[in-house]
Amino acid sequence: NSLMRSTMNVDLKNKKITVIGMGETGQGASFLANKLGASVLLSESNSTAKESFIKNAKNIGIKIENGGHTEKIYDSDLWIISPGVSDEINIVTNAKAKGIKIISEIEFASWFTDKPIIGVTGSNGKTTTVSIINEILSKSEFNPKLTGNIGYAFSRAILEDLKNCPENRIYVIELSSYQLEHIETFKPFISILLNISPDHLDRYKNMDKYLEAKMKIAMNHDSENHLLYNSDDKNITSHCKKLNTNKTTFGLMNDTQNAIKSDGSCIAIDQTKIVDIDDLTLKGHHNLSNILAAISAAKILKVSNKVIREALINFNGIEHRLEKVSIIKGVAYYNDSKATNIESVIAAIKSFNRPIILILGGQDKNTDFSTLKPFLDKKIKQVVSYGSASNKISTALRDAVALNAVFSLRDAVEECKKSAVSGDVVLLSPGCASFDQFDNFEHRGNEFKRIINEAAYA
């Protein structure tokens, strides 16, 4: 089968492995390494891990350091570092100086499977795109598994499949730039580059460094692999032109090289209609681009147009991404908590034709909020800012729009309820990280939904 990958011939028996970071990826990597016979030390600088996890890990012989790293981390043949851990911190530079091999959890997990991988990266739209691909492949003869940055570690998926892996398994992996920083042999059958916007510049020195991390997805491609990229994105296009691999482009501009096109009313491949845009539940111009990427991947895997059409018509979108929460007294409430950068906020605003009351705020990621000004005029009737970025947002936008600054998300919702009238949209699209008041964007989105649903019964 030409889809099969070659696995690394790695024997972990009695090897010492240090895993840095006790989040989902660290936990997954520890369990997989332990299962494969390694002696594992899992070390975390904060003491945030769940007691139940620590107990399970210790029971199977994983050594744990919680709330700080000791010198033991350097007694190691291999380090697996979590995506949240920056290359610049002391322990990582020390480990490099000691000649310890450092890899990402994605790289590690990929050593132990020969099944094909579809890898998706980009600043925005990753979760939606992998979810659409998963939906399409689930309806075809493939047996997909959705994994990676979406919140289910690739190592965990591989560990489950060690016992019995279905014949036509294909891994659909959402990849952040952080997860791609430390790959060496990782080689997707299909790599997809969606777009690049100046996100995460708190971690990367400049756009080139950020783009470089994303481009690593295709660094091991050969003639068997496929690179799909967005021809509307000039940064990506100029980088991909130089690469010598099988390339397929997708995009909304009428680019002659794109096999799959959208004319605004339908999506077609070589003049054959696949689906009418009116039949899609998933709204928004930006989502069309994600859909075109997903279809391009499905066609490389020779999935029929009929299967693709059915999957697209039934795909409702994903939680915390322009998710419709409720309509109360004619006001529609939308949860777009996953919008942690300005590009996502702009895409959300463009998805509505009704007046919007916009909730912005959370923990600032070094964002220039004034870039929202061109979108405030007709559509946005009010902005409510909250959280630690509230004052910065207020300063950037208050001369351009009616703006109220409040402390908490609950206060923000109360503020919106006061001024919303039937026909309005109340949109939580924060444009910030969530860590000032929440564990993550899911926690923030769930809290927003809880506040709205309580209000529905009040």
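## Close-up views

**View 1. Strand E2 (residues 39–44) and strand E3 pair in the parallel sense over 4 bridges.** Here, strands are DSSP runs of at least two residues and helices (H or I) of at least four, numbered from the N terminus, while strands pair if DSSP finds at least two bridges between them. You are looking at a predicted model, where local features need pLDDT of at least 70, side-chain atom pairs count only at pLDDT 80 or more, and totals for chains, interfaces and linings use all residues. Residues are numbered from 1 along each chain as its sequence is written, and side-chain values use heavy atoms, with hydrogens and water left out.

**View 2. Five strands line up as an open sheet in the order E3-E2-E1-E4-E5, with parallel pairing.** At the edges are E3 (63–66) and E5 (101–104), each of which pairs on one side only. On average, neighbouring strands of this sheet are turned by 20° against each other, direction ignored. Helix H2 (residues 51–59) lies across E2 and E3 and runs at about 150° to E3. Axes are lines fitted to C-alpha atoms (for helices, over the stretch in contact), with angles from 0 to 180 degrees between N-to-C directions.

**View 3. Strands E15 and E16 form a hairpin with 2 residues between them.** In the turn, Lys329 has a positive phi of about 50°. E15 (residues 323–328) pairs with E16 in the antiparallel sense over 5 bridges, and Ile328 has Val331 as its bridge partner in E16.

**View 4. Strand E16 (residues 331–335) is largely enclosed by the rest of the structure, because 5 of its 5 residues are buried.** Buried means under 20% relative accessible area, exposed over 50%, and partly exposed in between (1.4 Å probe, protein chains only). Val331, Tyr333 and Asn335 point one way from E16, while Ala332 and Tyr334 point the other way. In a regular strand, side chains alternate between the two faces of the sheet. E16 also runs parallel to E20, joined to it by 4 bridges, and Asn335 has Leu428 as its bridge partner in E20.

View 5. Since 7 of the 9 residues of H12 are buried, H12 is largely enclosed by the rest of the structure. Look for Ile342, Ser344, Val345, Ile346, Ala347, Ala348 and Ile349, which are buried in H12.

How values were computed:
Contact = heavy atoms within 4.5 Å.
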